[in-house]
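User: I'm new to reading structures and would like to talk through the charged side chains in this one. Could you take me through them slowly?

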Amino acid sequence: MGSPSAILQLICPDRPGLVSELSGWVAANGGNIRHADHHTDAGAGLFLSRIEWGLEGFGLPRAAIAPATAALAARIGGEGQLHFSDAIPKVAIFVSRQDHCLVDLLWRTRSGELPMVVALVVSNHPDLAGVAAGFAIPFVHLPVSAAHRAEAEEAQLALLAENGIELVILAKYMQVLSAGFLERFPAVINIHHSFLPAFQGAQPYHRAWERGVKLIGATAHFVTEELDGGPIIEQATMAVSHRDEVEDLIRLGRDTERLALARAVRLVLRRQVMVYRGRTAVFA
């Protein structure tokens with residue numbers, strides 16, 4: 001991973017000189033900027049920035065950086081979030097019966113590709129307990145029914161609190177999280193298939209094949225009360241043809257789901273995503 005760095009995500013009203021002011025603040029404290037990316041939303045009159053600098057040789061002690069960056073953000077009339085590259089978040093993965101996204105995320109985590117600790121796998125079915133066990137991850141089976149949904153979500157929220165979870169990943173979790181759940185724990189990423197045109201409901205690949213689609217894909221997004229309508233983080237697409245049968249579309253669709261979800265999780269973990277006004281800015 002290399003020596004640790006500080007990452008500041010900042011949003012404020014746009015005006016001249018902001019890039020100079022931010023980079024000048026880092027330089028004035030002896031910091032060496034590793035990455036800097038900025039975006040101006042002219043329509044909204046907003047300036048967004050992600051700036052990352054090394055901690056080695058930085059003039060402020062680590063504990064003093066957060067209040068200093070908060071003062072910087074306040075001075076320019078904005079809001080900032082400070083992160084450190086060596087802070088590895090604890091994550092919970094929610095699943096149902098499909099295993100392709102779960103296995104992919106666990107493998108990428110074990111290989112060091114995703115800087116996170118998977119503290120537990122939560123499922124409304126017992127089917128994937130063996131997958132979690134194979135990676136030495138605790139597995140919790142919490143059945144969900146319409147009559148007992150509130151009780152199940154309370155149990156889930158308790159698990160997240162007990163384990164210090166910072167992010168939930170829905171890896172083909174076939175349940176809708178309530179508004180109450182999301183209000184108490186909003187840091188949730190989901191993956192779903194997305195076709196052009198869109199096919200919702202049961203057997204989407206069968207209906208896509210019947211329509212002769214030429215492109216399939218998947219979308220990873222933050223979860224909101226609007227079903228599959230949260231701010232988009234990453235999308236993946238793949239061309240298909242008349243030679244592909246339904247089974248081929250399903251197989252290729254799983255590939256796009258794995259890829260889009262893994263990319264989205266990595267972007268979020270590396271603090272490259274900023275959400276504002278119901279949309280995202282994704283920095284390189």
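User: Is Glu 154 buried, partly exposed or exposed?

Analyst: Glu 154 counts as partly exposed, because its relative accessibility is 43%, and the class runs between buried, under 20% relative accessible area, and exposed, over 50% (1.4 Å probe, protein chains only). This is a predicted model, in which local features need pLDDT of at least 70 and side-chain atom pairs count only at pLDDT 80 or more, while totals for chains, interfaces and linings use all residues. Residues are numbered from 1 along each chain as its sequence is written, and side-chain values use heavy atoms, with hydrogens and water left out.

User: Which residue forms a salt bridge with Glu 154?

Analyst: Arg 184 does, with the closest N and O atoms 2.6 Å apart; a salt bridge here is a side-chain nitrogen of Lys or Arg within 4 Å of a carboxyl oxygen of Asp or Glu. The pair links distant parts of the chain, 30 residues apart, since Arg 184 lies in helix H6 (residues 179-184) and Glu 154 in helix H5 (residues 149-162). Helices are DSSP runs (H or I, at least four residues), numbered from the N terminus.

User: OK, new topic: how far apart are Asp 255 and Arg 258 in helix H8?

Analyst: They are three residues apart, so about one helical turn separates them, and their salt bridge brings the closest N and O atoms to 2.3 Å. Asp 255 is partly exposed at 28%, and Arg 258 is also partly exposed, at 24%.

User: And how many salt bridges does the structure hold?

Analyst: It holds twelve, and Arg 15, Glu 21 and Arg 75 are linked in a network of them.

Key: Helix = DSSP H or I, 4+ residues; strand = E, 2+ residues; numbered from the N terminus.
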